[in-house]
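Please examine the sequence and the structure before reading on.

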Amino acid sequence: MEAEKAAHGSGHHANDNLLQIIAAKEKELEMQLAAARAEAAALVAAARAEAERIAREGQEQATRLIREYQERISAATARIQREAEARAATEVEALRRQATARAQAAVRTVVERVIKG
């Protein structure tokens, strides 16, 4: 009977030891899981910050490009307007010369008819 108690006692001790090993391993795994979660959270935060930086830079670049194109469009519009105004002024001057020449020709015709009578 003593032998049974001794065998049973050492088995109980082995079970306690096994439970301690399992508990220690479980604690180690929980710590590893917590570290992995913290690392994942840090990676997500870094990725989010990088994405926000890229989006901000993209927005700034888009704003810059829009401003540049608006300036180019304004300059082109002003140039086209100046060219159109110059052409119009040239045409107006040509029309004035034609009108003056026609008026003078009309006056000569009237004078000739009045004199010839």
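## Overall build

Of the 117 residues in the protein, 0% are buried, where buried means under 20% relative accessible area, exposed means over 50%, and partly exposed lies in between (1.4 Å probe, protein chains only). This is a predicted model, in which local features need pLDDT of at least 70 and side-chain atom pairs count only at pLDDT 80 or more, while totals for chains, interfaces and linings use all residues. Residues are numbered from 1 along each chain as its sequence is written, and side-chain values use heavy atoms, with hydrogens and water left out.

The protein contains one helix and zero strands. Helices (H or I, at least four residues) and strands (E, at least two) are DSSP runs, numbered from the N terminus. Helix 1 covers residues 2-116. The protein exposes about 10500 Å², and 60% of this area is supplied by carbon and sulfur atoms. Accessible areas come from the Shrake-Rupley method with a 1.4 Å probe; for residues, only the protein chains shown count as cover.

## A nonpolar patch

Leu18, Leu19 and Ile22 make a nonpolar surface patch of about 300 Å². Patches are made of residues with over 30% relative accessible area and no salt bridge; like charges are joined within 9 Å, and nonpolar side chains (Val, Leu, Ile, Met, Phe, Trp, Tyr) within 5 Å. Leu18 is found in helix 1. Because its relative accessibility is 47%, Leu18 counts as partly exposed.

## Salt bridges

Side chains of opposite charge can pair when their charged atoms come close. The structure holds five salt bridges, each defined as a side-chain nitrogen of Lys or Arg within 4 Å of a carboxyl oxygen of Asp or Glu. The table lists some of them, including the pair Lys25 and Glu28.

| Pair | N to O distance |
|---|---|
| Lys25 and Glu28 | 3.8 Å |
| Glu57 and Arg53 | 2.6 Å |
| Glu93 and Arg97 | 3.8 Å |

Lys25 and Glu28 both lie in helix 1, three residues apart, which is about one turn of the helix. Lys25 is partly exposed, at 42% relative accessibility, and Glu28 is also partly exposed, with a relative accessible area of 37%.

How far apart in helix 1 are Glu57 and Arg53? Because they are four residues apart, Glu57 and Arg53 are separated by about one helical turn. Glu57 has a relative accessible area of 40% and is therefore partly exposed; Arg53, at 29% relative accessibility, counts as partly exposed.

Glu93 and Arg97 are four residues apart in helix 1, so about one helical turn separates them. Glu93 is partly exposed at 37% relative accessibility, whereas Arg97 counts as exposed at 51%.
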